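Open the model in your viewer and follow along. Each stop says what to select and what is there.

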Amino acid sequence: MPEALDTSAKKLPAGEPATVPVPVDAKAEKTRSLWSDAWHDLRRSPMFVISAVLIVLLLVMAAFPGLFTGASPRDADLSNHYLGAPNWSHFFQADWLGYDGQGRSIWARMVHGARASIIVSVGVTALVTILGTLVGVLAGYFGGWLDAILFRLTDVFSGIPFMLGAMVVLTTFAERTVWVVVLALAFLGWTTIARVARGSVITIKQADYVTAAKALGASTSRILFRHILPNAIAPVIVVATIALGGYIAAEATLSYLGIGLAEPTVSWGIDVSAGKDQLRNAPHVLMMPSVMVSITVLAFLMFGEAVRNALDPKMR
Amino acid sequence: MTIIDNTSAVPAPRADDGNSAPLLEVRDLHVEFHTRDGVARAVNGVNYTVDAGETLAVLGESGSGKSVTAQAIMGILDMPPGRIPQGEILFRGQDMLKMSAEDRRKIRGSKIAMIFQDALSSLNPVLTVGYQLGEMFRVHEGLSKKEAKAKAIELMDQVKIPAAAARVNDYPHQFSGGMRQRIMIAMALALEPDLIIADEPTTALDVTVQAQVMDLLAELQREYHMGLILITHDLGVVADVADKIAVMYAGRIVETAPVHELYKRPAHPYTRGLLDSIPRLDQKGQELYAIQGLPPNLLKIPTGCAFNPRCPKAQDICRTDTPPLYDVTERDGGALPGRRSACHFWKEQIHG
Amino acid sequence: MGRYVARRLLQMIPVFLGSTLLIFSMMYALPGDPVRALYGEQAIDQAQIAEIKRSLGLDKPFLLQYWDYLTGLFQGDFGTQIASQQPVADVIADAFPITARLTIFAFLFTVVVGITLGVVAGLRPDTLVDKSLLALTLLLISVPSFVLGYAFQYFFAFQLGWVDPNVNDPENYGQLLLPAIVLGSLSLAYVARLTRTSIAENLRADYVRTAVAKGLPRRRIVGVHLMRNSLIPVVTFLGSDLGALMGGAVVTEGIFNVRGVGYTVYEALSRREGSTVVGVVTLIVIIYLVCSLLVDLLYAVLDPRIRYA
């Protein structure tokens, strides 16, 4: 980048009056905070807007499935609807996306399946973020033997392949509810966040403003909560948002394998599994939940990407 | 007009002798960058010439367009976002902006070379210095790997790197800052180019090392009779080495002068300000002068004289009329060769 | 260098012990009794069960069992499958080459296609090519592998008839192609993005500008100067990815009916039979650790700034 651009030309708000006498207005020069700057960028990003709309829709679907369909996901009518084909013109009606091998409305199952996906992914992400940040900040800030132990522990957990580990953990439970799946995935998933948090804490710890705070006699807790956490949290949030999409896929995969959620919970993964035997003659049974999972993962992934681009334009 | 009459309309022959064209001539060069916030006009009509064996110092704050001009000459501007809407860059009379990319590449490194400010980041961290030096010979002269390495050692000796043969396989991070900058200089000198552009070659170095590196550069320049464009914001560096100085502000040249003339009698308030802000021992205890305000925003360069918002002597005309580059003369009208100033009130500045 | 390797090997020990202990304790906590499960619904003598358990060492305290397992492991003994009485080592030896072949195939696909795509896009940041690649990789990442597997199976096997829907002969590379692509697609997307970002970032680096100023041809600038630096993070990722690929093979093998390690694990889990699972996971952990050691060494070779500290 040429030097002419990285000095004053860059950070000007668009609507600055043209007749400012001194080139760079003093207020404009004061950099906007990281978050407000990010928000400014986000609102203009089509990727963010599209993914945010999708996510809101999914959240509403998970909370109030009745708004989208009147049909029950568990009402089976084998005699009339066995593998019934989709009726594309019947928007949002029970037969819109057709019926599955048990004569249940696929559309109803799609709508009601959102809840499991959302609860699992949000739950895992929340747990993983809390646990990972805690471990990462402790290890990164205090260093020494604590770091050695915690980091080795992180290594131990990340040595186990995620899907395989999750399968093993889940088989140890006789009854696999949504919360069991959340715990199992969180148990294995926290290491990524811990690494990211540790890395950014170590960087920030060496920053001049932290040294300054120490020199001024700030207490450890004040330095941690006022200086280090707020600055270390941005990369953590980015990684967590992107990981959220991954947990949706993980839940669906495990349920598909028959090791995740189980009936009567409605889950897209279970539906994919149920549809695989009819792939040849009734592909829509497998296709609908597959598309649903993919769109949901994509929405969260795009959301995470947009947030990352806004928080750290350099990473693009 | 006869057939043998070679006027300037026809590209001059490349031969050194009998050619009146200067080594390098920049004519009315404009460079702009298209950014999200608008068009940044980094260079707005720069003219200068450099002859063989001559040193031109280009002086200015960051954002004045001095480095961008150099990059345009070198042909290493990022385009896009950069764009050269008008201007000519004549090397031995040939406009390089009209050459094919391949022709320009062949000039780079062999005829015109560049020394960058930060040698650590400008050298490839994962290749040995010997490889990076030898590369010049391998690419431009087709030497073998072995011959190239021998040449690299020779070069390192020439820029006075101790134990060159032992260090040729070291990586850039294993050298000190001053030694790294010597390697950059060696790389630029490798093919004995006609012109060297040094972009703040000593800024990143310790003060004690600065002088050594500068002396080395000046010595080698004399030895090879090269043209040198020395880009800097440091007036102290310039005084000993430069023949003439061009002061840039907001993408334009605001003053040119032979080096000692400029120090003695600046003809532009901006140059005056720069000189006054050098700390001096004989003014101990007094407050150091500083130019008011900030460098201009290149997206919205002030109308009239770009320096007017910061100029202590600005009048109404400065806010409306852009001053041309006036020829500066003695009070009695006697010629001052090489002296020009883009100030409406240059007379008051130099004589007043 | 030698000291560094020794140190890294020492560091691997606690990680290895921790990972295997973790898996071992989870299998220990499995509900249900594998010995009891042998007999299905039939009523059996408690004494007989106790006898079998003692012969298998299952009556010992947990940590002692783990110790026995570890000592056995160093003699190449992964334990014995309770149901078939087959040594786990034999079971793994049968299944592992198939998974290894699938994984390596997927890995090569990931490396070749991923890096190529990443370089192509990274050299033209923010152009249409670049944006299409970003969109494509985003899509690949969001489609879970079982969905992709069935989509491929449906189109290429059922609709177009180009390939067999199932792998009948794991020696046949043509049949393994589809599962390998499915298995590798997620990593492919990551590798492509990582390469792209790294190339695009390094393209703006000062040393690339120097290379241009030296009058080097573009081929050389990209091939020698840019690539070497840009691929360092990609290599790191690829090393940690091999283990993940093996884990992911569980799903892919199920879809395409490949009788590899994943299939074995899946079967063992449904029979609540721990020794096979622990054996396979142990093996994958070892592979993961060896790969990360190799990556660290390779890293130091690629980047001279890294000291073996």
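This is a predicted model: local features need pLDDT of at least 70, side-chain atom pairs count only at pLDDT 80 or more; totals for chains, interfaces and linings use all residues.

Select A:Glu251, A:Ala252, A:Thr253, A:Leu254, A:Ser255 and A:Tyr256 in α11(A).

Next, show both helices whole. α12(A) covers residues 268-275. Its axis and that of α11(A) come within 7 Å and cross at roughly 40°. α11(A) is therefore oblique to α12(A). Check the hand as well: α11(A) passes α12(A) in a right-handed crossing.

Now bring in chain C. How many residues does the contact take from chain A and from chain C? Chain A gives 37 residues and chain C gives 41 residues. On the side of chain A that touches chain C, select α7 (144-159), α8 (162-171), α11 (220-257) and α13 (283-311). Each of these supplies at least two residues to that side. Which helix gives the most? α13(A) does, with 9 residues. The residues of the side of chain A that touches chain C split into 26 nonpolar, 7 polar and 4 charged.

Last stop: colour chain C by pLDDT. The chain C average is 81, and 89% of the residues score at least 70. Select helix α2 of chain C, residues 34-38: among the elements of chain C, its mean pLDDT is the lowest, at 60. Then select helix α9 of chain C, residues 206-213, which has the highest, at 90. The model scores ipTM 0.82 and pTM 0.80.

Terms used
Residues are numbered from 1 along each chain as its sequence is written. Chains are lettered from A and ligands numbered from 1 in the order in which they are written. Two residues are in contact if their C-beta atoms, placed from the backbone, lie within 7 Å. Helices (H or I, at least four residues) and strands (E, at least two) are DSSP runs, numbered from the N terminus. Ala, Val, Leu, Ile, Met, Phe, Trp, Tyr, Cys and Pro count as nonpolar, Asp, Glu, Lys and Arg as charged, and the others, Gly among them, as polar. pLDDT is the predictor's confidence in each residue, from 0 to 100. Axes are lines fitted to C-alpha atoms, for helices over the stretch in contact, and angles run from 0 to 180 degrees between N-to-C directions. Angles under 35 degrees count as roughly parallel, over 145 as roughly antiparallel, 65 to 115 as roughly perpendicular and the rest as oblique. A crossing is left-handed if the near helix is turned anticlockwise from the far one by less than a right angle, and right-handed if clockwise.
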